[in-house]
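This briefing concerns a predicted model.

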Amino acid sequence: MAAQNDLPVPLLDLKAQYRTIKDEVLAAVTRVFDEQAFILGPHVAAAEKDLAAYLAVPHALGVSSGTDALLLSLMALGIGPGDGVVTTPFTFFATVGSIMRLGAVPLFADINPATFNLDPPQVAALLARSDLPAPPKAMIPVHLFGQPADMMPLMTLARAHNLKVVEDAAQAIGVVYPGPAGPANIGAIGHTGCFSFFPSKNLGGAGDGGLITCLDPELAARLRSMRTHGSHPNEKYRHIYVGGNFRLDAVQAAVIGVKLKHLEAWSAARRANAADYDRLFSDSGLVAKGLVGLPQRAWPDQPRTHVFNQYVIRVRDRAGLTQRLNEAKIGNAVYYPIPMHLLECFARLGGAPGDLPVAEQAAAEVLAIPIYPELTMGQKERVVEVIAGFYAGQ
Ligand SMILES: *Cc1c(COP(=O)(O)O)cnc(C)c1O
């Protein structure tokens, strides 16, 4: 191949990003310290207003993490012990952990092999079963790796079965679902949208944080109350719900407020990196030989329909390849090696190998490679060169 270099390529380089915004971030954080106003207050309100505008939703509520966004959403929608929640087995633990923590029962439907997202026909088949372990009351579609789940057929199924819909948008802030009624921002389709500001997400804070979006003003008021122990909006120590401490803190809000201004440019850079990888991998011959499977776009011709929180390929001999990448100091990770139905802490659900074959095969084949916005062409070329070199040596 053309370029020979030995640049290290981390999976994510937050320092490279920080260098470009350091002064802005420190000025915003300094204002919070000068005011000594750390809990909710004007910085959180300002970030919520900006995020609501960016996501084109009427209500956006800062919360303590993406995990808590999911948990609080389910609590506010009345999901509790014995309720079934339809979701995907191929996701981060928090999606399913939040269901289990409420005593609710995850009902897994298999994924689409091209997009890794919940497959509407599989959801339809699941909902048609007469032997479900719990009556379905809600659905959590996950917009995995930054690409929307196919929300139109999922919402049709949800309406037919009277399910509440909580979108797990932790990896997908700013992505657009190209619905038949025109493009819709994710987080504005289900009853709530749940976002994460974990530092490795596309919009990451300086610690933990998250966001809930919703359309319904009554639900927004309930979420707002439950975020602070279910307290009455005007009367202190009068509690109208059993909520919790689910607040976003002001330092995080200040950082998020600064970084939000850059998010569209960063998402565009991630998409450009993905297009470069697609081309480099295709040119290398690895795709034609069936050694590397590229991430599939559900809507290749529509703008902003992927924000590439991860660029995930399918590979042959993953263990050998990751060893080679580690030796070459090229960041890589498996999201996720164990599908949820096979996790030991969920053993009481009775999941077994073979139950959800598409998710199980994905778990065995996927590999995420560096896609962060500041990646250079030399780094992208090196990643593909090292992968091509690994297969050439076999
Ligand atoms: C990161 C993530 C979460 C949890 O977000 P935290 O802010 O880390 O609690 C939930 N779901 C998915 C799919 C995620 O990627």
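Helix α9 (residues 318-327) packs on helix α11 (residues 377-392) at an angle of about 130 degrees, and their axes are 10 Å apart. The angle makes α9 oblique to α11.

**Contact of α9 with α11**
- The crossing of these two helices, α9 and α11, is right-handed.
- On the α9 side the contact is made by Gly320, Leu321, Arg324 and Leu325, which meet Val386, Ile387, Phe390 and Tyr391 of α11.
- By class, the residues of this contact comprise six nonpolar, one polar and one charged.
- An α-helix has 3.6 residues a turn, so residues three or four places apart point the same way.

**Aspartate 278**
- Helix α8 (residues 250-284) contains aspartate 278.
- Aspartate 278 has a relative accessible area of 19% and counts as buried, because the cut-off for buried is under 20%.
- Its side chain is joined to that of tyrosine 311 by a polar contact of 2.6 Å.
- Leaving aside residues up to four places away in sequence, aspartate 278 touches Leu294, Pro295, Arg297 and Tyr311.

- Helix α4 (residues 93-101) is largely enclosed by the rest of the structure, because seven of its nine residues are buried.
- Those buried residues are Ala94, Thr95, Val96, Gly97, Ser98, Ile99 and Met100.
- The cover over the buried residues of α4 includes the elements α3 (66-76), β2 (84-87), β3 (105-108), β4 (136-140) and β5 (164-168).

Technical notes: Residues are numbered from 1 along each chain as its sequence is written. This is a predicted model: local features need pLDDT of at least 70, side-chain atom pairs count only at pLDDT 80 or more; totals for chains, interfaces and linings use all residues. Side-chain values use heavy atoms; hydrogens and water are left out. Axes are lines fitted to C-alpha atoms, for helices over the stretch in contact, and angles run from 0 to 180 degrees between N-to-C directions. Helices (H or I, at least four residues) and strands (E, at least two) are DSSP runs, numbered from the N terminus. Angles under 35 degrees count as roughly parallel, over 145 as roughly antiparallel, 65 to 115 as roughly perpendicular and the rest as oblique. A crossing is left-handed if the near helix is turned anticlockwise from the far one by less than a right angle, and right-handed if clockwise. Contact means heavy atoms within 4.5 Å. Ala, Val, Leu, Ile, Met, Phe, Trp, Tyr, Cys and Pro count as nonpolar, Asp, Glu, Lys and Arg as charged, and the others, Gly among them, as polar. Buried means under 20% relative accessible area, exposed over 50%, partly exposed in between (1.4 Å probe, protein chains only). A polar contact is a pair of N or O atoms within 3.5 Å; within protein, one must be able to donate a hydrogen and the other to accept it, and residues adjacent in sequence count only if both atoms are side-chain atoms.
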